[in-house]
Amino acid sequence: MMADPFRISKVEQYSPKSSPRGSRSPVVPRQDSTGTLKATISLGKNPSIVHTGPFYLIKEAPGESELTGATNLMAHYGLEHSYNKSSGRKVKDTLSSFLPNLPGQIDSSGYQDNSSLRSVIDKPPIGGKELMMLNSMQLSGFRLHPGPLPEQYRVFNQVPQKKNKHKHKRHKYKPGEAVPHHMEVVTSQTDLALAAEKKHKKQKRHDDDKERRKRKKEKKKKKSSKHSPEHAAASGGGGSGGGGSGASSQNNSQISTQ
Amino acid sequence: MSSSLEQLEQSLEQFVENIRQIKIIVSDFQPQGQNVLNQKIQTVVSGLQEIEKLKSQVQDVHVPLEVFDYIDSGRNPQLYTKDCMEKAMNKNEAVRGKIDSYRRFRAHLLVELTSVFPAEMAKYRAIRGDERPSS
C-alpha cells in the first residue's frame, strides 16, 4: 500500500508529459532551481501552455572566481623573475652543458644503451639490503689479468669529437700565451688557410699593380712620343724597340719631375 | 634542504669520479694496481652506503617525470623549466584572450538585443541584477 503512491509519483515525475522538453530523456532528472521553467498547462476546451517564468532558457550565471586566466598568473604567483631568467638567458641544448664535469658521452640518448632514468622508474632496482664492505674473499673475485682491455670493451674510452668547437674561439689565445696542443693544430690550420687567402689576395693585388703600371707606362710612352721631336720621324717608320721605350719613359719621368 | 641536496650532489660526484678512476685502472691493468683497485672497490661500496644514508633526507623532493625524458634524450633539463614557463605563459595569454573575447561578445550581444527587445532585456537585466550592459 505504501509503495503504490511512491511509484505513481515517480512515474509522474519521469513522465514525458511533465518534461518541458519532449525530446529529452525523461529518465534524467533536471532540477529547475531558478524557477524559470515554470509553465501553466490548462486543459479543457481550449488547452494551452503558458510559461509563467520570465524566460524559458535562462540559466544561473556561472559562479565568479577570483583567480582566472584573465589575470597574469605569472605575476600573481611571483614567478616573473624566474620567467625572465629562464626565457632571457640562452640555454645550451645539450646535457653535457648542464653537467660539464661528468665524464663520458652523455649527450646521446639513454634509451640506446639502456641507461635511461625512465628504465630505473619502470624497473626499480633491487634495494632494501644493507650494503656491506667486501672481505678479502669477495675481493678476490675482482682480481684482474694484466694488460689492456679487449677491443670490444673500449667503447667507453672513446671521446666524442666535438664539431666546430673552436669555430668562434679563434682569438681566445693571445699570441704570447701558451696554446694547448690540440688547439695549436687547429690554429695552425686556420693560420695556414688565412695565410693562403692573404697570399692569394696579395698576389691579386700584385697582378693589379703590374697591370696598372703597364698601362701607365704605355700612356706615358704615348705622351712622350707625341711631344718628342723624334715622334714625327718615328711615326712614319714603325715602333721603337724595347730599350727605346724604356729610355723614353725615363725621359718622360724626368720631364714630369721637372 | 639545500645542504642535504648539496651533500648528495657531492657524494654522487665523488662516486662518479671513483668509477672513472676504476675505469682508468682497469683499461690497462698492471699487476701492481690490484691493491689500488681493491681500495677503489671498497670506496665505491662506502660511496653507495653514503648515498643510501642521504636518501632519507631528500624524500620530499619531487621531480616531474618529464624532466627525465629530457635527460634521457641528452637534452639540458633547464630547457624543461624554460618550456614549462613558456607553455604556462602562452596558455595564460590564450585564456585571457578568450575571456576578453567572450566579455566583448556579451556586451555587444546585450547592446544588440536591447535595441531589438528592449522590454525583455530590461526584465532580463533586472533578473540578472545588472541594470545596464557592461561595455
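Colleague: Which strand of chain B does β3(A) pair with, and in which sense?

Modeller: Two strands count as paired if DSSP finds at least two bridges between them. Here β3(A) runs antiparallel to strand β1 (residues 28–29) of chain B, over 2 bridges. Within β1(B), B:Asp28 is the bridge partner of A:Pro148. Strands (E, at least two residues) and helices (H or I, at least four) are DSSP runs, numbered from the N terminus. This is a predicted model, where local features need pLDDT of at least 70 and side-chain atom pairs pLDDT 80 or more, while totals for chains, interfaces and linings use all residues. Residues are numbered from 1 along each chain as its sequence is written, chains are lettered from A and ligands numbered from 1 in the order written, and side-chain values use heavy atoms, without hydrogens and water.

Colleague: How many residues does each chain give to the contact?

Modeller: Contact means heavy atoms within 4.5 Å. Chain A gives 53 residues and chain B gives 44.

Colleague: How many salt bridges cross the interface?

Modeller: The rule asks for a side-chain nitrogen of Lys or Arg within 4 Å of a carboxyl oxygen of Asp or Glu. It finds 2 between chain A and chain B. One of them joins A:Arg118 to B:Asp69, with the closest N and O atoms 3.1 Å apart.

Colleague: Which elements of chain A touch chain B with two or more residues?

Modeller: They are α2 (73–76), α3 (80–88), α4 (95–98), α5 (117–122) and β3 (147–148) of chain A. The largest share, 4 residues, comes from α3(A).
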